[in-house]
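I opened the model to look up a few local features. My notes follow in the order I took them.

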Amino acid sequence: MQPRNMSMSGVVDLAAVKQAQEAKAKAEQARAEAARQGGTGAVSPADLVIDVDEAGFESAVLQRSTEVPVVIDFWAEWCEPCKQLSPVLERLAVEYGGRFLLAKIDVDANQMLMQQFGVQGIPAVFAVVAGQALPLFQGAASETQIRQTLDQLVQVAEERFGLTGLTVDPEAEPGAARSAAPERPAGPHDAALEAAVQALDAGDLGGAVQAYKNVLAEEPGNTEAKLGLAQAELLQRVQNADPQKVRQDAADKPGDAQAQIAAADLDLVGGHVEDAFGRLIDTVRVTAGDDRDAVRLRLLELFEVVGAEDPRVTAARRSLARALF
């Protein structure tokens with residue numbers, strides 16, 4: 001079976017940016033606690049690959065995922081493809097130097113975990129980032145494909161959640177203090193970003209939109225504010241929508257730009273990313289002038305919500321180019 005593309009975005013909701021902020025805070029708290037306990041701030045290469053069971057899953061995987069992306073390798077002794085894949089993952093865990101942690105789970109001894117992740121066959125590889133589980137791939141995969149997936153994982157973990165990984169000391173003893181990179185100094189816009197998160201949490205979408213705009217007015221390239229603004233504006237647009245009416249209008253008026261734009265917003269909020277993109281690209285093909293431009297601009301806004309690194313955005317950009325030219 002070919003590896004499935006991993007999804008880094010999923011359903012868009014009010015908690016998206018809040019989870020990123022909380023993950024950063026937890027990571028910083030863990031680093032501070034390790035420092036207070038006299039930790040060296042480094043782990044040994046041997047600590048980058050761990051065996052995990054059901055009893056230790058919460059502490060070894062869920063809690064650690066607030067510091068570093070945790071890649072989970074579901075395997076079994078009788079699984080021949082596992083014997084080929086597992087050594088590659090173990091070697092890459094060391095080679096990547098702490099940018100991710102590899103957790104190995106024996107499915108025969110941990111059936112409950114296998115069921116909770118919905119594993120249908122092995123080998124199966126997942127990731128947990130800031131407590132969120134993400135499917136990476138199932139079945140055999142080439143090392144090139146594995147590296148591409150891991151590169152995307154560590155990039156998104158750093159950009160979206162501030163997880164820069166673990167510091168590795170080749171001389172450190174296994175089991176040494178486990179700590180992430182040095183604490184990130186407070187940025188000049190952290191207070192404004194926190195205000196935006198609090199507004200989202202309170203359901204004050206207008207306040208969140210304005211807070212993100214304030215950050216971008218001073219720092220136009222702030223990726224966290226761009227993502228937050230795109231999500232907050234999307235949620236603001238659908239806040240008072242009647243989903244049944246919106247979808248009926250879209251079905252009745254396949255060539256109506258505004259009807260399809262409204263339905264695409266609902267698609268994306270519901271997590272139907274490819275449906276949202278496909279709907280707008282199809283509408284670009286059958287519209288012209290201002291209507292076509294409005295659809296194109298909304299599609300670009302939805303790309304911002306999902307994130308430029310998402311493979312679905314890459315594919316949709318190619319489809320949009322073909323539709324336009």
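I checked Cys 79 and Cys 82 and found both buried (under 20% relative accessible area with a 1.4 Å probe and protein chains only; over 50% is exposed, in between is partly exposed). This is a predicted model, where local features need pLDDT of at least 70 and side-chain atom pairs pLDDT 80 or more, while totals for chains, interfaces and linings use all residues. Residues are numbered from 1 along each chain as its sequence is written, and side-chain values use heavy atoms, without hydrogens and water.

I then looked at the sulfur atoms: Cys 79 and Cys 82 are joined by a disulfide, S to S 2.4 Å (a disulfide being a pair of cysteine sulfur atoms within 2.5 Å). The count by this rule is 1 disulfide. I noted a torsion of about 80° about the S-S bond of Cys 79 and Cys 82, so the disulfide is right-handed.

Next I turned to the helices (DSSP runs of H or I, at least four residues, numbered from the N terminus). I recorded that the axes of α10 (residues 257-269) and α11 (residues 273-286) come within 7 Å and cross at roughly 165°. Axes here are lines fitted to C-alpha atoms over the stretch in contact, with angles from 0 to 180 degrees between N-to-C directions. α10 and α11 are therefore roughly antiparallel (angles over 145 degrees). Their crossing is left-handed (the near helix is turned anticlockwise from the far one by less than a right angle). Residues in the contact (heavy atoms within 4.5 Å) include Ile 261, Ala 264 and Leu 268 of α10 and Ala 276, Arg 279 and Leu 280 of α11. I listed the contact residues of α10 with α11 as 8 nonpolar, 2 polar and 3 charged (nonpolar is Ala, Val, Leu, Ile, Met, Phe, Trp, Tyr, Cys and Pro; charged is Asp, Glu, Lys and Arg; the others, Gly among them, are polar).

I repeated this for α11 and α12, whose axes come within 9 Å and cross at roughly 160°. That makes α11 roughly antiparallel to α12. The crossing of α11 and α12 is left-handed. Among the residues in contact are Phe 277, Ile 281 and Val 284 of α11, with Val 295, Leu 299 and Phe 303 of α12. The contact of α11 with α12 divides into 11 nonpolar, 1 polar and 3 charged residues.

Last, I looked up Val 305, which lies in α12 (residues 289-306). Is Val 305 buried or exposed? Its relative accessibility is 3%, so Val 305 counts as buried. I also found the C-alpha atoms of Val 305 and Leu 234 separated by 8.1 Å, with the two residues 71 apart along the chain.

How values were computed. Helix = DSSP H or I, 4+ residues; strand = E, 2+ residues; numbered from the N terminus. Parallel < 35°, antiparallel > 145°, perpendicular 65-115°, else oblique.
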